[in-house]
Amino acid sequence: QVRLVESGGGLVQAGGSLRLSCAASASIFNINAMGWWRQAPGKQREFVALITSGGSTNYADSVKGRFTISRDIAKNTVYLQMNSLKPEDTAVYYCSAEMVPRVWGQGTQVTVSS
């Protein structure tokens, strides 16, 4: 089973940027889709972004125009570029491999200060 390891989280001021990385232990080429989700304290985990095996992308309305998901198949890595960060983006961010069952990484904390 593929394992996922996220990195790149941290503390940033509002308006700043971060780039998250998700390194997979196996090839992502044949995985239907890879995603990013987030979970804020006291809230349910919510969808952020998705990239399919064909390269199509999909975003939550709350991050459209600010976040960009991309991938490097040769490196088995998926990225989430986050710009114009807001305090409400503060959460633990999780990478997912859209398989059955879905595979999750361990998460990386993103904190945006006002």
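Which backbone nitrogen does the side chain of E6 reach at 2.9 Å? Select E6 and look towards G107: the backbone nitrogen of G107 is reached by the E6 side chain at 2.9 Å. The backbone nitrogen of Q106 is also reached by this side chain, at 2.9 Å. Both fall under polar contacts, that is, pairs of N or O atoms within 3.5 Å in which, within protein, one atom must be able to donate a hydrogen and the other to accept it, while residues adjacent in sequence count only if both atoms are side-chain atoms.

Before moving on, a word on what you are viewing: this is a predicted model, where local features need pLDDT of at least 70, side-chain atom pairs count only at pLDDT 80 or more, and totals for chains, interfaces and linings use all residues. Residues are numbered from 1 along each chain as its sequence is written, and side-chain values use heavy atoms, with hydrogens and water left out.

**Stay at E6**

Colour by secondary structure and you will find E6 in strand β1, residues 4–7. Strands (E, at least two residues) and helices (H or I, at least four) are DSSP runs numbered from the N terminus. E6 is buried but has no salt bridge; R45, the nearest side chain of opposite charge, is 7.3 Å away. Lys and Arg count as positive here and Asp and Glu as negative, with His and the chain ends not counted. Buried means under 20% relative accessible area, exposed over 50%, and partly exposed in between (1.4 Å probe, protein chains only). A salt bridge needs a side-chain nitrogen of Lys or Arg within 4 Å of a carboxyl oxygen of Asp or Glu. Leaving out residues up to four places away in sequence, E6 touches, among others, W36, Y93 and C95; contact means heavy atoms within 4.5 Å.

**One step back to V5**

V5 also lies in strand β1, and counts as partly exposed because its relative accessible area is 47%.

**Into the core**

Now select L4, M34, W36, L80, M82 and Y93: of the 31 residues in the largest nonpolar core, these touch the most other members. Such a core is a set of buried Ala, Val, Leu, Ile, Met, Phe, Trp, Tyr and Cys residues joined through side-chain atoms within 4.5 Å. Strands that each supply at least two of its residues include β3 (18–24), β4 (33–39) and β9 (91–97). Around M82, show its contacts beyond four places in sequence, including L18, L20, F67 and V110.

**On to the charges**

Side chains of opposite charge can pair when their charged atoms come close. The structure holds 5 salt bridges. Pick R38, which pairs with E46 at 2.7 Å between the closest N and O atoms. R38 also meets D89 in a salt bridge at 2.9 Å, N to O. That pair links distant parts of the chain: R38 is in strand β4 and D89 in the loop between β8 and β9, 51 residues apart. Both D89 and R38 are buried.

**Zoom out**

Finally, show the whole chain: 0 helices and 11 strands, with 44% of the 114 residues buried.
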